[in-house]
Structure formats: structure tokens, C-alpha cells
Amino acid sequence: MAEAKKSQEQVANERVEHENELTFEDRVLEKIANYSVQNIDGILELKGNFTSGFVGFFSDSAEDTKGVSAEVGKEEVALDLEVIAEYGKDLQKAFQQTIDVVTRNVKSMTGLKVVEINMNVNDVVTRGEFEREQNEERRKKAEERKKELDRVRDNNEQGKYSDGSRVQ
């Protein structure tokens, strides 16, 4: 019986090895790529398509991964970007800058090696057209917020809760 059990000294002398691991969700790499291309000349926005709305780079975190998909491994990452490009700009140069900036930022922040970046230009628009569409989208959202606030205020004045039920 004494042979079957290890002595406390033997247990203390055994080396316990722990494996530490740092992993990243795909979403993290998607956000890094999104933030990285914000100042690339020739790229107006990362989006699924032109008609999906122009909320832009200044929106909530759900927008921070739009237009980017990542496949993340233990040591490597591949990225696909969907962009709206600016008419008249050198898109090959913008693509090369994107590769350089994204690769550098991913490496410095995560230690992962970027093995592939694919960029699909799904629309090209002028800067003026882009800004007009952004302004229109902001105006529509502000109008929707105002209508909702008016509806809540009207319900409150009529003695209703925001869900439409009446105050007892």
C-alpha cells in the first residue's frame, strides 16, 4: 500500500507543467482590420454592399466588423474585406497599403501571421456621393429617433406606459 501511494516529497518534486494559451475570436481580428483601413486613401468604407446604408466608421461595435471576415488559427489568420472604393483613386495602391497596415497591426497586436488578405471592391462612388448618402442616413436615423421620442411623450401625456399599457 505504501508503494502505491506517492510520498509527499515525490509529489512536491514532480514538475507540474501548465500550458498557457492566448487565443483570439474572429471578431477581434475583424475589428483590427476594420480600424486599420480607416485612413487608407481610396477606401471609403467596409460594407457588404452600397445600398446597405452608410453608418460608417463612427458607429457602434456591431458595425466594427462589417465588411470583414476572418479565419483565425493558432498562429495564422486570413482576412476577406468588402470595400466601397473612392472613384478616381489608385485602388491597387490602396490594396497594397491595406495589406501593409493590416499585416503590421495584426502582428504587433496579436503575434499572428497574416497569410492572406483578399479585398473585394463591391462599389465605387465619388467622395461627394458617399458623403451625401451618409448625411441622408444620419438624417433618417435622427428623424426615426425623434418620432419614437414623440410617441413616448404622447403616451406619457395620455397616461400610458411606453409599451402602450395604461397607468392604473
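**Notebook: salt bridges and surface charge**

I opened with helix 4, where Arg-151 and Glu-148 both lie, 3 residues apart, about one turn of the helix. I took helices (H or I, at least four residues) and strands (E, at least two) as DSSP runs, numbered from the N terminus. The model is predicted, so to speak of local features I need pLDDT of at least 70, side-chain atom pairs count only at pLDDT 80 or more, and totals for chains, interfaces and linings use all residues. Residues are numbered from 1 along each chain as its sequence is written, and side-chain values use heavy atoms, with hydrogens and water left out.

**Entry 1: pairs along helix 4**

I looked up what Arg-151 does with Glu-148: they form a salt bridge, with the closest N and O atoms 2.7 Å apart. My rule for a salt bridge is a side-chain nitrogen of Lys or Arg within 4 Å of a carboxyl oxygen of Asp or Glu. By that rule I get a count of 9 salt bridges. Arg-151 is partly exposed at a relative accessible area of 36%, and Glu-148 is partly exposed too, at 38%. For these labels, buried means under 20% relative accessible area, exposed over 50%, and partly exposed in between (1.4 Å probe, protein chains only).

Next I checked Asp-150 and Lys-146, whose side chains meet in a salt bridge (2.9 Å, N to O). They are separated by about one helical turn because they sit 4 residues apart in helix 4. Lys-146 counts as exposed, at 53% relative accessibility.

Then came Glu-143 and Arg-139, a salt bridge at 2.8 Å, N to O. Both lie in helix 4 (residues 127–157), 4 residues apart, about one turn of the helix. I noted Glu-143 as partly exposed at 37% and Arg-139 as partly exposed at 40%.

Why does this spacing keep coming up? An α-helix has 3.6 residues a turn, so residues three or four places apart point the same way. Side chains of opposite charge can pair when their charged atoms come close.

Which residues join up beyond a single pair? I found Glu-136, Arg-139, Glu-143 and Lys-147 linked in a network of salt bridges.

**Entry 2: a negative patch**

I then turned to the surface, where Glu-25, Asp-26, Glu-71, Asp-80 and Glu-116 gather in a patch of negative charge. Patches are built from residues with over 30% relative accessible area and no salt bridge, like charges being joined within 9 Å and nonpolar side chains (Val, Leu, Ile, Met, Phe, Trp, Tyr) within 5 Å. I picked out Glu-71, found in strand 2 (residues 68–72); at 60% relative accessibility, Glu-71 counts as exposed.

**Entry 3: helix 2 and its cover**

What is buried in helix 2 (residues 26–36)? I listed Leu-29, Glu-30, Lys-31, Ile-32, Ala-33, Asn-34 and Ser-36. Their cover includes strand 1 (43–46), strand 2, strand 3 (76–86) and helix 3 (91–110).

I also looked at Lys-107 in helix 3, partly exposed at 48%.

**Entry 4: the whole chain**

Buried residues make up 30% of the 168 residues. Among contacts (heavy atoms within 4.5 Å) between residues at least 6 apart in sequence, 70% join residues at least 24 apart.

Conventions:
Accessible areas come from the Shrake-Rupley method with a 1.4 Å probe; for residues, only the protein chains shown count as cover. Lys and Arg count as positive and Asp and Glu as negative; His and the chain ends are not counted. The place of a charge is taken as NZ of Lys, CZ of Arg, CG of Asp or CD of Glu.
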